[in-house]
Amino acid sequence: MNVRLNKKHQRTLAAIFSTQTPATLPWRRIEALFMALGATKEEGRDLPFKLKEEHTTFHRPHPQKEAKRYHVRDARDFLKRVGVTP
């Protein structure tokens, strides 16, 4: 993939793929990474994303701003399916 990620996106990508699944990663950073990679999304209760013909849906975490560990694992799986790794 020929996308240049800024340092913040690179750190987010590294955190998603870290050995210890982070519990304090803000959801907005994961969402910003997806968008920087060229994903499209539709707003609503569920957040469907599409990237390279792959689809996934996330439930936005609330009331807290941090992604749950399962969100991070799901984001990692989604990124692997579209061929994005650190």
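Author: Let us begin with a pair of helices. H2 and H3 pack with their axes 11 Å apart, at an angle of about 10°. Helices (H or I, at least four residues) and strands (E, at least two) are DSSP runs numbered from the N terminus. Axes are lines fitted to C-alpha atoms, for helices over the stretch in contact, and angles run from 0 to 180 degrees between N-to-C directions. The model is predicted: local features need pLDDT of at least 70, side-chain atom pairs count only at pLDDT 80 or more, and totals for chains, interfaces and linings use all residues. Residues are numbered from 1 along each chain as its sequence is written, and side-chain values use heavy atoms, with hydrogens and water left out.

Reader: How is the angle between H2 and H3 to be described in words?

Author: Angles under 35 degrees count as roughly parallel, over 145 as roughly antiparallel, 65 to 115 as roughly perpendicular and the rest as oblique. The angle therefore makes H2 roughly parallel to H3.

Reader: Which residues make the contact of H2 with H3?

Author: Contact means heavy atoms within 4.5 Å. H2 contributes Trp27, Ile30, Leu33 and Phe34, while H3 contributes His71, Val72, Ala75, Phe78 and Leu79. By class, eight are nonpolar, one is polar and none is charged. Here Ala, Val, Leu, Ile, Met, Phe, Trp, Tyr, Cys and Pro count as nonpolar, Asp, Glu, Lys and Arg as charged, and the others, Gly among them, as polar.

Reader: At what angle do H1 and H2 cross?

Author: Helix H1 (residues 7-16) and helix H2 (residues 27-36) cross at roughly 115°, their axes coming within 9 Å. H1 is therefore roughly perpendicular to H2. The contact involves Lys8, His9, Arg11, Thr12, Leu13 and Ile16 of H1, together with Arg29, Ile30, Ala32, Leu33 and Ala36 of H2. Its residues comprise six nonpolar, two polar and three charged.

Reader: How many salt bridges does the structure hold?

Author: Side chains of opposite charge can pair when their charged atoms come close. A salt bridge is a side-chain nitrogen of Lys or Arg within 4 Å of a carboxyl oxygen of Asp or Glu. The structure holds three. Glu31 pairs with Lys41, the closest N and O atoms being 2.0 Å apart. This pair joins distant parts of the chain, Glu31 being in helix H2 and Lys41 in strand S1 (residues 40-41), ten residues apart.

Reader: Is Glu31 buried or exposed?

Author: Buried means under 20% relative accessible area, exposed over 50%, and partly exposed in between (1.4 Å probe, protein chains only). Glu31 is buried, at 11% relative accessibility, whereas Lys41 is partly exposed at 28%.

Reader: Which side chain does Glu54 meet in a salt bridge?

Author: Glu54 meets Arg81, at 3.0 Å from N to O. Glu54 belongs to strand S3 (residues 54-59) and Arg81 to helix H3 (residues 69-81), 27 residues apart. Another salt bridge joins Lys50 and Glu53, with 3.7 Å between the closest N and O atoms.

Reader: What is the phi of Glu53?

Author: Most residues other than glycine have a negative phi, and most peptide bonds are trans. Phi of Glu53 is near 70°, a positive value. Glu53 lies in the loop between S2 and S3 and is exposed, at 62% relative accessibility. Lys52 also has a positive phi, of about 55°. Lys52 is placed in the loop between strand S2 (46-51) and S3, and is partly exposed at 48%.
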